[in-house]
Amino acid sequence: MGRPIRVLVVEDNPEDADLTVRALHRGGYAPAWQRVDTAEAMREALRVQSWDLALADYGIPGFGALPALRVLHESGLDIPCIVLSRTAGEETAVDVMRAGARDYVKKENLTRLVPAVERELREAQVRRERVSAEEALRESRELLQAVVNAAPVILFALDNAGTITFAEGRGLEALGRTQGELVGHSAFALYRGNEEVLAQVRGALAGERDHSVAPVPCAGRTFEMRWAAFRGRGGERLGTIGLAADITDRVELERELLHSQKMQALGTLAGGIAHDFNNLLQAILGHAELLRERKADEDPDVPSLSGIEEAAHRAARLISELLTFSRMQAINLRPIALHEVVRATAEHLERGLPSSVTLRLELGAARDRVVGDPDRLQQAMQNLCMNAREAMPDGGELLVETANRVVEPGEPGMVPEAEPGRYVVMSVQDSGPGMDPDMQRRVFDPFFTTKDVGKGTGLGLAIVYGVARSHSGFVQLVSEPGRGTRFSIYLPEAEPARPHAEPADEEARGSETVLVVEDESMLADLLRQMLERRGFLPLVAHGADEALALFEAHRESIALVVTDLVMPGRDGMELAQELHARDTALPILLATGYVADSDVAELQGWGIRGVIAKPYRAGDIVRKVREVLDARPES
């Protein structure tokens with residue numbers, strides 16, 4: 001058996017074709033062959049099958065070697081063609097070689113055919129291997145280019161002196177450099193002054209093993225650098241390959257996640273102590289208030305009692321702030337006009353500003369309706385304005401403004417939690433010294449403060465962050481050293497308000513029977529006194545079982561139940577469920593030291609008509625009781 005070969009024979013004489021094929025057999029080949037004698041037949045043969053070799057007779061009437069070579073050229077196939085002839089001379093040989101023939105053999109001397117075929121098959125194999133290698137190299141380069149372009153990375157190379165010899169990748173945009181600004185330049189010269197970058201370059205050039213390094217700040221972004229030495233065949237070091245990945249967004253997301261985890265942990269801690277702590281504050285505040293009501297204004301004990309009340313309220317605000325910024329405190333969301341909150345807050349703030357600070361309002365939002373808690377938004381604005389004032393100890397301008405903004409998907413410069421949509425933006429801007437990048441990264445961290453010990457809790461901006469998130473919004477910070485600071489709270493825009501009648505302001509008193517459920521005897525007696533002083537008839541129970549018994553005994557006269565949330569045995573939620581099952585029309589007011597948003601939403605289905613947070617003043621609880629009673633449907 002000879003070596004297989006596929007041969008396309010361009011020949012009009014069948015006998016000559018047989019002679020040619022027999023010569024190949026004698027040379028050790030086993031040819032599979034086809035004879036054609038027209039251009040159309042040759043094109044069809046090339047279309048339906050692949051060929052190793054073409055043998056073309058020069059003198060076919062109407063079609064010969066030269067037309068056959070043109071057909072091969074048009075096909076784009078790399079098939080070596082050897083021209084055969086009886087009569088053609090040297091000039092003809094030159095012509096066919098110029099036309100693309102690989103060799104020229106006279107039919108009278110077919111002994112040259114086999115060596116010519118062997119040579120051409122070898123060269124064709126070499127060409128195919130070279131083309132295959134070039135194609136593989138091209139595909140590898142395209143794949144590498146696609147990988148580099150698909151991610152925000154820069155692939156680069158340095159020679160042993162630190163000169164950049166190659167730089168490619170989409171990350172060049174983040175770096176703020178073009179390829180021409182890098183290639184051919186020394187990394188040491190380009191990044192003179194950036195010691196973190198230079199330290200990595202020096203370490204990479206001196207290193208003997210592949211290594212990766214920590215994130216490196218550069219051009220306002222954060223890059224993660226990875227290095228590897230590359231060497232010649234003899235093991236000599238030719239330079240260093242580097243990969244710089246832009247991880248700015250990842251670092252920012254990690255920072256946001258860490259911040260959220262800190263707030264969740266602190267919120268859990270605050271929630272754990274809030275109930276008991278606020279119960280203690282309720283007792284202190286309530287008894288101080290009752291005692292002060294019994295004394296004349298000129299009594300020397302009145303200032304001390306007022307001081308006790310103020311201290312209790314400050315302690316309560318601290319717990320409230322912890323719960324607010326961690327988003328673990330119930331908030332009273334309702335449609336409001338943001339401009340009303342801003343004006344009221346500004347009026348209050350202006351009285352406390354030094355004469356060196358000018359407060360300027362620019363309420364430019366054409367649509368100022370948001371769904372919000374006025375008290376929480378006022379608290380956030382106060383915190384921002386107080387921070388702005390303290391940033392300008394020598395005076396300056398404090399600008400508060402509003403505007404409408406549409407945040408587009410993927411809008412550059414926005415914080416990661418920014419959702420697309422329409423917003424009302426409240427901004428507070430100072431003309432102070434501004435913040436450096438490190439301070440901007442830490443400014444929302446709870447308990448981070450630049451104030452002296454004892455002059456700040458470090459919760460002010462953390463509370464602003466929590467208020468914004470609890471309103472489905474976010475905070476944007478823009479600041480540069482020497483150019484002031486601007487905080488912007490983005491709040492989702494709400495539907496325009498519908499006209500409604502304001503309720504009449506009636507005196508908070510009553511004569512109804514109120515069932516008070518409180519396991520702390522001291523607090524139960526305190527609430528009883530507060531209600532009795534305003535005309536109500538309180539019945540006191542110290543737990544759920546006692547409350548149910550009193551309810552059955554006085555079902556017809558009890559108009560409202562005020563219950564604590566956390567009690568031994570059955571808690572306030574379980575009591576509310578049981579009472580609601582017995583009388584679905586019975587209104588229940590929840591008084592608690594701590595309740596989360598999710599709890600309030602669940603309680604609304606159990607007859608809960610209101611929630612009041614401890615510690616409260618006598619006037620607060622009586623007004624809330626009156627409000628719930630007046631909201632009962634007429635029977």
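Guide: Let's start with Arg360, which is partly exposed at 30% relative accessibility; buried means under 20% relative accessible area, exposed over 50%, and partly exposed in between, with a 1.4 Å probe and protein chains only. Keep in mind that this is a predicted model, where local features need pLDDT of at least 70 and side-chain atom pairs count only at pLDDT 80 or more, while totals for chains, interfaces and linings use all residues. Residues are numbered from 1 along each chain as its sequence is written, and side-chain values use heavy atoms, with hydrogens and water left out.

Arg360 has a salt-bridge partner in Glu397, with their closest N and O atoms 2.9 Å apart. (A salt bridge here is a side-chain nitrogen of Lys or Arg within 4 Å of a carboxyl oxygen of Asp or Glu.) This pair links distant parts of the chain, with Glu397 in strand S14 (residues 396-407) and Arg360 in strand S12 (residues 357-363), 37 residues apart. Strands (E, at least two residues) and helices (H or I, at least four) are DSSP runs, numbered from the N terminus. Glu397 is partly exposed as well, at 33%.

Now for strand S1. Its Arg3 pairs with Glu118 of helix H5 (residues 113-150), a link between distant parts of the chain, 115 residues apart; N to O, that salt bridge spans 3.2 Å. Arg3 has a relative accessible area of 40%, so it counts as partly exposed, and Glu118 falls in that class at 27%.

Arg6 makes a salt bridge with Asp52, again with 3.2 Å between the closest N and O atoms. Asp52 lies in the loop between helix H2 (39-48) and strand S3 (53-57) while Arg6 is in strand S1, so the pair ties together parts 46 residues apart in sequence. Arg6 is partly exposed, at 32%.

Some of these contacts join up: Arg102, Asp103, Arg112, Arg119, Glu120 and Glu123 form a salt-bridge network. In total, the structure holds 39 salt bridges.

For helix packing, take H12 (residues 338-350) against H13 (residues 374-390): the angle is about 45° and the axes are 10 Å apart. Residues meeting there include Leu338, Val341 and Leu349 from H12, and Leu377, Met381 and Cys385 from H13, where contact means heavy atoms within 4.5 Å. By class, the residues of this contact are eleven nonpolar, four polar and no charged.

Methods: Axes fitted to C-alpha atoms, helices over the stretch in contact; angles between N-to-C directions. Nonpolar A, V, L, I, M, F, W, Y, C, P; charged D, E, K, R; others polar.
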